[in-house]
Amino acid sequence: MIFLDNAGTTKMFEECVEVHKLYSCEHFFNPSALSVESLNVSKLIADVEKYFLQRLGAKGGNILFTGCATESNNLAVKGSLRSGDWEYVFSAGEHPSVYNVAKKLELEGYKVKFVPLDSDGKVDLNVLKTTLNNKTRLISIMHVNNETGAINDLDAISKLKKELCPRAVFHCDGVQGFMKIPCELRKTEVDLYSFSAHKLHGPKGVAGLYVKDKNTLKELFQGGGQQYGLRSGTENVSGIMQFKIAVEKIDEKKNFERVTALKRLFNNNLNGIKVLDFKGSPYIESLIFEGVKGETILHSLNQAGVIVGLGSACSSKKAGNRILEGIGVSKDDIVSSVRVSFNAYQTEGEVLEAARIINEVYQDIKERVAK
């Protein structure tokens, strides 16, 4: 089986299994308790927090550990809400865990504005410039689009925020960016940045939210007051420690170059298949199989030993594709599209074999349809 849906999830590093056992069976203590053992675990979590701040290139701030990126995004958006005549600005290309929250806020009477994408799949900076003003409370724009790989310019967005709405909070969904695309948060105006372990060969069930200033957030639910009173609940110690181990194993620059080469090799060996190239992250791309439904391709490839995706795993069962529609991809191409996403630990042989199988499956389906 060749797995080409790494934007949906990734295979966990085997080293994480031993870490899970260590912190579930030996150092299993509750970090909020007062025993020496619990205090030691609490210190370990604080050390991991400092480590993640360093890997994010942040100057100060804190890390909240959550259960998933959806929780991180919800906490960032809902925790930034304030009473008064405020406006909340989102890109039209956000992941469902942000976009659907924004749509719900709109229904609840909040002043929500959506900024469209340009033809390259990025947020339209010209429209964003005319949208931001001194009433803007929140800007939520993702780092890397999970459907297309398009990379938003955090520096340019930061400049607009500083110029037009310095009091606003800038949230960035960094799930497809963290440890994949170079970013130093200290050089941006980003206040909140979401990231997730299982997109980086870590475990499912743990994620993070970078918070520049704790005063920008309010808690979503009440409890024991853990994590600065912003995310109550006993920390997932094992998950947090596994997340750190996974990130420690990643060489961001080396992996970027590796995936860029794998993607190029893969694309060069496709026959008659259209590649949607948004000149963004090498980790993600969309393929168009003209004349064949993407879902048919997906199931046929699955039977042949190759796993691909139909866009975001969180919305793959819904009809259409909001992101591709928003950048002007035709309905026929959208129906015929699948998402392919790579990881740096795949081999040249695997991607060549995947390309071969994809070519054969597509040709076979076209021939059968022609009959």
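Lys 161 is buried, its relative accessible area being 3%; buried denotes under 20% relative accessible area, exposed over 50%, and partly exposed in between (1.4 Å probe, protein chains only). The model is predicted: local features need pLDDT of at least 70, side-chain atom pairs count only at pLDDT 80 or more, and totals for chains, interfaces and linings use all residues. Residues are numbered from 1 along each chain as its sequence is written, and side-chain values use heavy atoms, with hydrogens and water left out.

Lys 161 forms a salt bridge with Asp 191, with 2.8 Å between the closest N and O atoms. A salt bridge here is a side-chain nitrogen of Lys or Arg within 4 Å of a carboxyl oxygen of Asp or Glu, and 21 are counted by this rule. Arg 339 and Asp 5 meet in another, at 3.2 Å from N to O. This pair links distant parts of the chain, 334 residues apart: Arg 339 lies in strand E12 (residues 337-341), and Asp 5 in the loop between strand E1 (2-3) and helix H1 (15-26). Helices (H or I, at least four residues) and strands (E, at least two) are DSSP runs, numbered from the N terminus. Arg 339 is buried at 2% relative accessible area, and Asp 5 is buried at 13%.

## A pair within helix H7

Lys 244 and Glu 248 form a salt bridge of 2.4 Å, N to O. Because they are 4 residues apart in helix H7, about one helical turn separates them. Lys 244 is buried, at 18% relative accessible area, whereas Glu 248 is partly exposed at 39%.

## Glu 235, buried without a salt bridge

Glu 235 is located in the loop between strand E8 (207-211) and helix H7 (237-248). Glu 235 is buried but has no salt bridge, and the nearest side chain of opposite charge, Arg 231, is 7.3 Å away. For charge, Lys and Arg count as positive and Asp and Glu as negative, while His and the chain ends are not counted. Apart from neighbours within four places in sequence, Glu 235 is in contact (heavy atoms within 4.5 Å) with residues including Pro 31, Ile 45 and Gln 226.

## A parallel strand pair

Strands E3 (residues 87-91) and E4 (residues 111-115) pair in the parallel sense over 5 bridges; pairing requires that DSSP finds at least two bridges between two strands. Val 89 has Lys 113 of E4 as its bridge partner.
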